Amino acid sequence: MYKKRIVIKVGTSVMANRDNRIMLSALNKLVDQIAQLYEDNIMTVLVSSGSVNAGREILGDSVIEDKSQRRQVYSAIGQPRLMRHYYTLFQNYGMRCAQVLATKRDFNPGEHRTNMINCYEGLMSEGVIPIANEDDAVSVSHSMFSDNDELASLIAELIHADMLIILTDIDGFYTGHPADEDSKLISEIKVDQQVEQYVTKINKGETSGRGGMESKLKVAKHTAAKDIPTYIANGKRDRVILDIIEGKPVGTKVIA
């Protein structure tokens, strides 16, 4: 038995450089922290974006005109490449990882959900780090997750996690655009606290993740309402995961 189970969602913005290329240094920093948690008897489920970026790096500009189909192709090409990176990095720490791809129906009550639970419980019992992502190659638009933030929340509920950490490229939830001098970081938000008016929408490119801060806040409140404290924090900050686990004032904490 592990003393804690946590779910970490890492966004594309944390993993990619300004040219939208996956940075192995960022993945290594992430794996290093997960390995340290494992040594402290804390099991992590990692929800990782980045497959679309990884696929586009290989394929380049696609001739496919349909945006959804193009995303499927990029993801199908990029997912094994991303997993190869993770497999090698975890192996450097004497650890093992496994790929778990999901569609929304896998979380519906019934046989699919039971199978998903059995998969996660089996992997964790063997000390294997599950790495989750949406199965973009087969997901149909009406049953897709809104983004990987939603997937991470569903997994946190599924495995009865003690905590959900959503890593992005800003320090947390602000009272305005993070770049504005007048904006201030909100260190703690309660699920019934009205802060939605502060959300600033930013246009994203095709290979960027689908979830913005509005989605993160919604997911964080939903998850926290299930008695799973949820953090929104900057994944590019050194030791950010370890600092959160140690109770240091990092990012924005969302609680019931």
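Helix H6 (148-158) is mostly covered, with 10 of its 11 residues buried, where buried means under 20% relative accessible area, exposed over 50% and partly exposed in between (1.4 Å probe, protein chains only). Helices (H or I, at least four residues) and strands (E, at least two) are DSSP runs, numbered from the N terminus. This is a predicted model: local features need pLDDT of at least 70, side-chain atom pairs count only at pLDDT 80 or more, and totals for chains, interfaces and linings use all residues. Residues are numbered from 1 along each chain as its sequence is written, and side-chain values use heavy atoms, with hydrogens and water left out.

**Helix H6 and its ends**

- The buried residues of H6 include Asn148, Asp149, Glu150, Leu151 and Ile155.
- Where H6 starts, a side-chain oxygen of aspartate 147 comes to within 2.9 Å of the backbone nitrogen of aspartate 149. A polar contact is a pair of N or O atoms within 3.5 Å; within protein, one must be able to donate a hydrogen and the other to accept it, and residues adjacent in sequence count only if both atoms are side-chain atoms.
- Just after H6, histidine 160 has a positive phi of about 55°.

- In strand S5 (residues 163-168), 6 of 6 residues are buried.
- Met163, Ile165 and Leu167 are buried on one side of S5, and Leu164, Ile166 and Thr168 on the other.
- S5 pairs with S1 in the parallel sense over 5 bridges; two strands pair if DSSP finds at least two bridges between them.
- Methionine 163 in S5 is the bridge partner of isoleucine 6.
- S5 also runs parallel to strand S9 (residues 230-234), joined by 5 bridges, and leucine 164 has threonine 230 in S9 as its bridge partner.

**Aromatic pairs**

- Rings of Phe, Tyr and Trp (its six-membered ring) pair if their centres lie within 6.5 Å; planes under 30 degrees apart count as stacked, over 60 as edge-to-face and the rest as tilted.
- By this rule there are 2 aromatic pairs.
- The rings of tyrosine 2 and tyrosine 38 are tilted, because their planes stand at 45°, with centres 6.3 Å apart.
- Tyrosine 2 lies in the segment before strand S1 (4-10) and tyrosine 38 in helix H2 (residues 24-39), 36 residues apart.
- Tyrosine 2 is partly exposed at 21% relative accessible area, and tyrosine 38 is partly exposed at 26%.
- Phenylalanine 107 and phenylalanine 145 have ring centres 5.9 Å apart and planes at 75°, so this pair is edge-to-face.
- Phenylalanine 107 sits in the loop between strand S3 (96-102) and helix H5 (111-125), and phenylalanine 145 in the loop between strand S4 (128-134) and helix H6, 38 residues apart.
- Both phenylalanine 107 and phenylalanine 145 are buried.
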